[in-house]
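Morning, everyone. I will take a few minutes to walk through one structure, so please have a look at it on the screen first.

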Amino acid sequence: MDPKEVVEHLVALKVMRLTKPALISPKIVTCDSKDLPGNILNNYLKDDATSVTQMETLSAGQFLLLPQSFGNIYLGETFSCYVCVHNETNNPVQSVSIKADLQTNSQRILLTTQQNLSPTMLDVDETLSDVIHHEVKDLGTHILVCEVTYMSNYNTLASFRKFFKFEVMKPLDVKTKFYNAESDDVYLEAQVQNITSGPIILEQVSLESSQQFNVKSLNEVDDGISVFGDVTLLQPQESCQYLYCLTPRENISKEIKLLAAAKNIGKLDIVWRSNLGEKGRLQTSQLQRMTPDYGDIRLTFEKLPSKVSVEEPFDFQCKIVNASERTLDLILKLRSLQDSSLLWCGISNKKLGPLEPGQSLNISLTALPINTGLCNISGVSLLDLFLKRTYDYDDLASVFVY
Amino acid sequence: MDNKPSLSQYFGDKEVPPASQFFDEIGTSPSDMIQSIYLGEPEGNQTSTGSVFPQNMTASFTQQKMSEEMNFTNVVPTVSTAAAVPATSLPDPSTFFDTIGPEPQIVPSKTGSVLANPTILTEAMDGLSIKNQPVDKEADRRRDAWLPNDEAKKTLMKAQSSPKGSFFPEREVLTMPGLVLEEELADALQEVAVKYLGVSSAGSRGVVRAEHVSRDEAGLRELLRTGYLRAAVNLTHVLISAAGQGVGRMHRPTKHTPRSLQLWLTRFAVMLRIKLNEPLVKEAEPFGDFSKPDMFYEFYPETYENRTGSLVPFSLRLLVAELPSHVGKPEEAVDRLYAMLDTIQTMLLNLREGKTEDGSATIAEQDKVESIRLWMGRETRVMHSLVNCAIAMKDYRQAATILLTLQQQASSAGQRRAICSALCRLWLLAGHVRAAMSCLDIAREARHHICPTPDVREYVDLGLIDIAHGKYQEAYNNFARAADQEPTNIMVANNLSVCLLYMGRLKEAISVLQKAINSDPERGLNESLLINLCTLYELESSKTNEKKLNLLRMLCKYKSDTIPNVLECLKL
């Protein structure tokens, strides 16, 4: 760790990262008892302390092996290490203490020890040790600095430091996509990709919605069973796609201004585990959607049946919202286009309004389908009397005529 | 007991006392048996006789009878004859039962001189062997059964139909192995001991032992049993060379016999154990997947009249199929294992239809039951290998799928329990703690059918789940409960020690492991346990050398040459 150290210190410092231990199995070599080696090799296997009785040929052992390398560490995991100071001399050493801190690119964190490590006397061959835990919240280079202080033979305080450098890597890649539905619901598709070097289990993926939305997870079937089955195991580079439906809270859906401003969707909270339960947890930053541009007027169809019988009139609602800053005077026009399969019933050129900013208006419409098949609801237009501008709404919805 | 998935189950043999292994396959003529008799110094002879033949010989044969082994039931009455022969006049009993198949032996001459009293010897052999009985053809067929692929089938047809002496196979259909590893392997433990402890304290026991066994299968077994694994590899070198498949014989036509393949099996099995993977892969390569026609009895109609199946022992086939997974290519091993599984399942299908394994003839009911039992056992063994490969690839989904299939096939509560418990640990490896817990629940349910209270396995599994949750104190408590039940269990002690470290109690962790080793050095001086202990030593202090050398001294005292890499274990 520090080969240049010239001064012979009275105590030695050792540090070991405590990742989860591994489960080890013996080398499984078996023979038929009629073979030349007979049962000799089988008996070796049976007598091996790492084999599991009656399951000797399966390498799912119960024997724990201590970590043999530093391994990788990922953002959101907990860095644990064992710090041990040992008296290397034949005499007691006075006032021994350890201090550990962690330096990242941006900050310096004092690591709290579990025991109160006030300076103590170390007798011959005694150790002062502790386990340190720290949840890693930064990416990139980290340096663990351990400083040991003790009373030297000359009754002065001596100290030395050791540095342990490691890189914190990104464990997951999260890609999101938003769909703004006509109904004001927002659908969020979140793709969580495992970019660690080993398989991980996604233990929990949830969306904590913002104040403006209520969230419904679409990743379970009716009785709460995950659509991914029992196991959300991701091999390296594999990803899992989660779908959420967000409904604006009532106070927001009523006000088109607030709706247009509701950009914050929420945060994804992800808990994963890897080797022998090594746990990690990450929360994304606030996810933001692109809000749709409603223009001056927003027109939506409501209570529209999905299928209707041919040559039988059907009713639905048309909702008009004033998304502008001024009061609107509008005229509703219903035109039966030439190639349309739909004939309008009722009054065209009907004057609507005045409509105050932010206010909405519901109008009942009746149409008669004359052809079968999928049929676009077209021919609805609004004339703004102030700007003398016509808005056409031809592709907002369709019905199936049979 | 036979419901439990023990090792022996895969090979169709019920638990047999160790002595039985010397009496397996017996050559057909007395001269065949005599040839491999040990010719070395008398004291060496005595040592091996003593250790090989248990004092309570009669007792072990009675046990044999109990084990319902068909072959041996009729042997028992004559046992007294054998026991009556003075031990001194008996050649090493392990030696004359080695020959597997009637092929010529290495040292055909000089054998007569050993036979001071041929009558006694013959009597002894009669007593111990099944020489005078008809060979159990069904058992042979069952054990050797294998299906040649279409390519091989054509050649085999030709071999069978050609008039005597007129069948000359093409080079392409031949398996042409040869030794690759040339140098003699030194006793690894001995070497390390000499280097670190000096010649005097290392002793020379190992060398003596290796040189004083007979140069034959019995000697080989003696080396295996006493743990001189590298010496055993050296001896297979000698024996395989004598069989004409030595260094430089690769890619040259050779004669295969069941015996030569048994030698290869022994060599490969030991090489795998001591991790001589690289030369092992090279030496196994010419065998391919043992599908060449010269690996079948039908290829040699003159030598093995009417015998069917493969010369290749099932364990060798399996070992070579698994081999790629030991050298970082588990995908390749999976392909090979599935090919094996396919053949086994075809044979099982034939058996269930009331036919022999190869589907060529009908089969008696008792024979069928035995065959199905054997091959289902082997099927399970292959599936275990597949699970192991999947675990090696960290493909836990695949491993779990296979284990679930095995769980559904499990016929007893004990089996079901063992598999659920394995599944629990599989999910822990993957980090799926919730699944692990529900598997443990199922395992617990199955355990209720066996014993009312939690046993060691359950406590340990519980402890492992606690570790996954990071609750080391709880884990410690569970391991401690397991230790209450089995205070000498090395694995439990080891897990306790690991817990103690994570709880910040290094000194105690070390003392638990040291105690475990001292209480049972034979089992305690385990590679993985040594690695753990030396890791703890290194964490504790920078002055670890003396402690490690102490471990080395213990290894020299209690173990022989079985550990693949002593230096790595002791971190020297």
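Which residues have the most contacts inside the largest nonpolar core? Before the answer, a caution: this is a predicted model. The residues in question are Ala232(B), Phe268(B), Leu423(B), Leu426(B) and Leu513(B), and the core they sit in has 196 residues. Helix H18 of chain B, residues 413-430, supplies the largest share of this core, with 11 residues. Take Leu423(B) as an example. Leaving out residues up to four places away in sequence, Leu423(B) touches Ala400(B), Leu403(B) and Cys439(B). As a general point, nonpolar side chains in soluble globular proteins tend to be buried together.

Next, the contact between the chains. How many residues does each chain put into the contact? Chain A gives 64 and chain B gives 76. On the chain A side, several elements give two or more residues, including strand S1 (11-17), helix H1 (40-47), strand S5 (78-87) and strand S14 (200-209). H1(A) gives the most to that side, namely six residues. Sorted by class, the side of chain A that touches chain B holds 31 nonpolar, 18 polar and 15 charged residues.

Now a pair of helices in chain B. Helix H14 covers residues 314-326 and helix H15 covers residues 330-352; their axes come within 5 Å and cross at roughly 155°. Angles over 145 degrees count as roughly antiparallel, and therefore H14(B) is roughly antiparallel to H15(B). Where do they meet? From H14(B) the residues are Arg317(B), Ala321(B), Glu322(B), Leu323(B), Pro324(B) and Ser325(B). From H15(B) they are Pro330(B), Glu332(B), Ala333(B), Arg336(B), Leu337(B) and Met340(B). In this contact of H14(B) with H15(B), seven residues are nonpolar, one is polar and four are charged.

Last, a sheet in chain A. It is an open sheet of three strands, in the order S22-S31-S28, with mixed pairing. Which strands stand at the edges? They are S22 (307-308) and S28 (373-376) of chain A. Each has a single partner strand, so one side of each is left without a neighbour in the sheet. S22(A) pairs with strand S31 of chain A, residues 398-401, in the parallel sense over two bridges. To put residues on that, Lys307(A) has Phe400(A) in S31(A) as its bridge partner.

That is the end of the tour.

How values were computed. Residues are numbered from 1 along each chain as its sequence is written. Chains are lettered from A and ligands numbered from 1 in the order in which they are written. This is a predicted model: local features need pLDDT of at least 70, side-chain atom pairs count only at pLDDT 80 or more; totals for chains, interfaces and linings use all residues. A nonpolar core is a set of buried Ala, Val, Leu, Ile, Met, Phe, Trp, Tyr and Cys residues joined through C-beta atoms within 7 Å. A residue is buried if 20 or more other C-beta atoms lie within 10 Å of its own, exposed if 12 or fewer, and partly exposed in between; C-beta atoms are placed from the backbone. Helices (H or I, at least four residues) and strands (E, at least two) are DSSP runs, numbered from the N terminus. Two residues are in contact if their C-beta atoms, placed from the backbone, lie within 7 Å. Ala, Val, Leu, Ile, Met, Phe, Trp, Tyr, Cys and Pro count as nonpolar, Asp, Glu, Lys and Arg as charged, and the others, Gly among them, as polar. Axes are lines fitted to C-alpha atoms, for helices over the stretch in contact, and angles run from 0 to 180 degrees between N-to-C directions. Angles under 35 degrees count as roughly parallel, over 145 as roughly antiparallel, 65 to 115 as roughly perpendicular and the rest as oblique. Two strands pair if DSSP finds at least two bridges between them.
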